[in-house]
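This briefing is meant for a reader who is meeting the structure for the first time. Please keep the sequence and the 3D view at hand while going through the points.

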Amino acid sequence: MRIGIVCPYSFDVPGGVQFHVRDLAEHLIGQGHEVSVLAPADSETELPDYVTSAGRATAVRYNGSVARLNFGPVTAAKVNRWLDAGQFDVLHLHEPVTPSISVLALMAAEGPIVATFHTSMLRSRTMQTAYPIIRPSLEKISGRIAVSEDARRTVTTHVGGDAVVIPNGVYVDRFASAPRRSAWIGTPASPTIAFLGRMGEPRKGLPVLAAALPDVLRSIPGLRVLVAGPGDPDEVTEGWPPEVRAACEFLGSVSDDDKASLLASVDVYVAPNTGGESFGIILIEAMSAGACVLASDLSAFSRVLDGGTAGAMFANEQPDDLARTLVDLLRRPERRAELAAAGQHRARLFDWSVVADEILAVYETVIEGRAAADFQPQGRWNRFLRGGSR
Amino acid sequence: MSEVLSWVFAVLFVLVVIAWYLSYTAARVDRLHVRLSGTLAALDARLVRRAEAAVELANSGLLDGATSLILANAAAESLEAPAEHGEARELAENDLTEALDLALTPDVVSSLRSSALGEDVLGRLSSACLRVQLARRFHNDAVTDVRRMRRTWTIRLFHLAGHTPMPHTVEFDDASPEHLVAV
């Protein structure tokens, strides 16, 4: 199958959508499909050979955050050339409602189109303004995918129609086979817990964890907290009690391998995120690595953890509840082992081999529909009109 | 004189814009209808394949006689149902979903998985069920798009949809057999 994938966000900076596109493309190539990815990127950025650069991205404020996108007539011409050269059986667009190459490709494309919606925070005002401009193009999409229930709700309320939910994929085996590192393995007297994510971003929940730690340390004085992620420790820990600061070890940004090892080594992985998570791929990574997961009870997390059977949960933004659950987990190794095993089993459902098969089934359905439609005779007048919307 | 001419041009311009807008809208409706007929054909093909997989399971000799009969009967009903999607077709597909759910109890699934043939048949069946879900979802999306588009006054006033009947969503239970998904 010849597959064209369009990623609206620049490959210069890593991000959830970019990783998703990269992993999907690599998995499909591994299965013998021909895949070409179009994405914005600087000329200096090193790109895998299946990625075509759509030019340099500009930072733009859109939908409440800064995104690196690219657009304009030159880019549009580039997108058209890529489409013409590719002759794709199916075109897979990501985030088709951002002002970027996804929209440009959607407007220009003629063949079967699949679109994946990642975001769950589309503002309705933005959609209402964009609606008349983009509506005729959105009608060309024959298969809509949402990466989570929240993203699907965004599609049903703002875009109309429905979407199939196909979650993000994880290479479960990469995490499952990660070596444990002795420095990060806890002992009964001095167990270890891990936090991952941007420290300075409050919605990642580090302040909630910090507020819970004094209680936890009273029960388990030897606890070590491993904090991995970009951010300035001095700035973040300002105002923390000294005993909490002493219990924390800051690892800074970690590589993918280190992240997997960290998750495989610690006794409990804590995800105190307070909101804005549409899916929670990090939980699945932790589950794959065999970590016992303790997460806030966001609806997205609850779905990943199967309502609490594949990992423990605490009431969101309640440090007291977090402290109680965490102490309980740290004192009961058999409970941790049970949750970790359940988590590892559940993570298999999100492995790329499963997820990519579902995405391929979407491609096939869409291509089949298109082939059946093309079978019908078309007049010259129709072709002329449709050519006009190209 | 020049004033008259500019009026004439203004009127001409407006007419051209209206004509362009109407033909553009007509092309949009036409494109939607093409998409709709495609998704319907795809759904048809997928339903046939699901019924065939069910027949294969019924004939495999791996199920007990009574269950085989129920399943074969439901699959035959689905294959013989009228091609256009009406209530009869939806009922037949509902029955097949139910029959599959009844036939594939946890015990049956695990015993089927122990043989190579059973594993093969189950694999085909579960992929057929997934594809039915996708095809129905995509078809109903297309129906929603067409119906929304055809409600606009331009299309109703100028009769741009022609004589194509208003499409209806296809509604039946297409859930995969409960014990088939749990790995």
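This is a predicted model: local features need pLDDT of at least 70, side-chain atom pairs count only at pLDDT 80 or more; totals for chains, interfaces and linings use all residues.

The notes below are grouped by topic.

In chain A, an open sheet of 6 strands is paired in parallel fashion. Chain B, by contrast in its make-up, has 7 helices and 0 strands.

**The sheet of chain A**

**A buried leucine in chain A**

- L28(A) belongs to helix α1 (residues 16-30) of chain A, and because 22 other C-beta atoms lie within 10 Å, L28(A) is buried.
- Leaving aside residues up to four places away in sequence, L28(A) touches I3(A), H33(A), V35(A) and A356(A).
- Although L28(A) and W352(A) are 324 residues apart in sequence, their C-alpha atoms are 9.8 Å apart in space.

**The contact between the chains**

- The contact takes 25 residues from chain A and 27 residues from chain B.
- On the side of chain A that touches chain B, at least two residues each are supplied by β8 (143-146), α15 (352-374) and α16 (380-388) of chain A, and α15(A) gives the most, with 10 residues.
- Sorted by class, this side of chain A has 8 nonpolar, 10 polar and 7 charged residues.

**Chain B as a whole**

- Read along its sequence, chain B follows the pattern α-α-α-α-α-α-α, and its radius of gyration of 25 Å is well over the 16 Å that the globule rule gives for 183 residues, so chain B is more spread out than a compact globule.
- The C-alpha trace of chain B spans about 95 × 30 × 20 Å along its principal axes, and 37% of the 183 residues in chain B are buried.
- Among the contacts in chain B with a separation of 6 or more, 75% are between residues 24 or more positions apart.
- An unreviewed UniProt entry lists residues 6-27 of chain B as "transmembrane region"; in the model that span is 100% helix and 0% strand, and its end C-alpha atoms lie 31 Å apart.

**Two residues with positive phi**

- Most residues other than glycine have a negative phi.
- D306(A) is not a glycine, yet has a positive phi of about 55°; D306(A) is found in the loop between α12 (299-304) and β15 of chain A, and counts as partly exposed because it has 13 C-beta neighbours inside 10 Å.
- H159(B), also a residue other than glycine, has a positive phi near 55°; H159(B) is found in the loop between α6 (153-157) and α7 (178-181) of chain B, and with 9 C-beta neighbours inside 10 Å it counts as exposed.

Definitions and conventions: Residues are numbered from 1 along each chain as its sequence is written. Chains are lettered from A and ligands numbered from 1 in the order in which they are written. Two strands pair if DSSP finds at least two bridges between them. Helices (H or I, at least four residues) and strands (E, at least two) are DSSP runs, numbered from the N terminus. A residue is buried if 20 or more other C-beta atoms lie within 10 Å of its own, exposed if 12 or fewer, and partly exposed in between; C-beta atoms are placed from the backbone. Two residues are in contact if their C-beta atoms, placed from the backbone, lie within 7 Å. Ala, Val, Leu, Ile, Met, Phe, Trp, Tyr, Cys and Pro count as nonpolar, Asp, Glu, Lys and Arg as charged, and the others, Gly among them, as polar. UniProt positions are given in the numbering used here, feature names are shortened, and annotations may be inferred rather than shown by experiment. The radius of gyration is taken over C-alpha atoms; the globule rule is 2.2 Å times the number of residues to the power 0.38.
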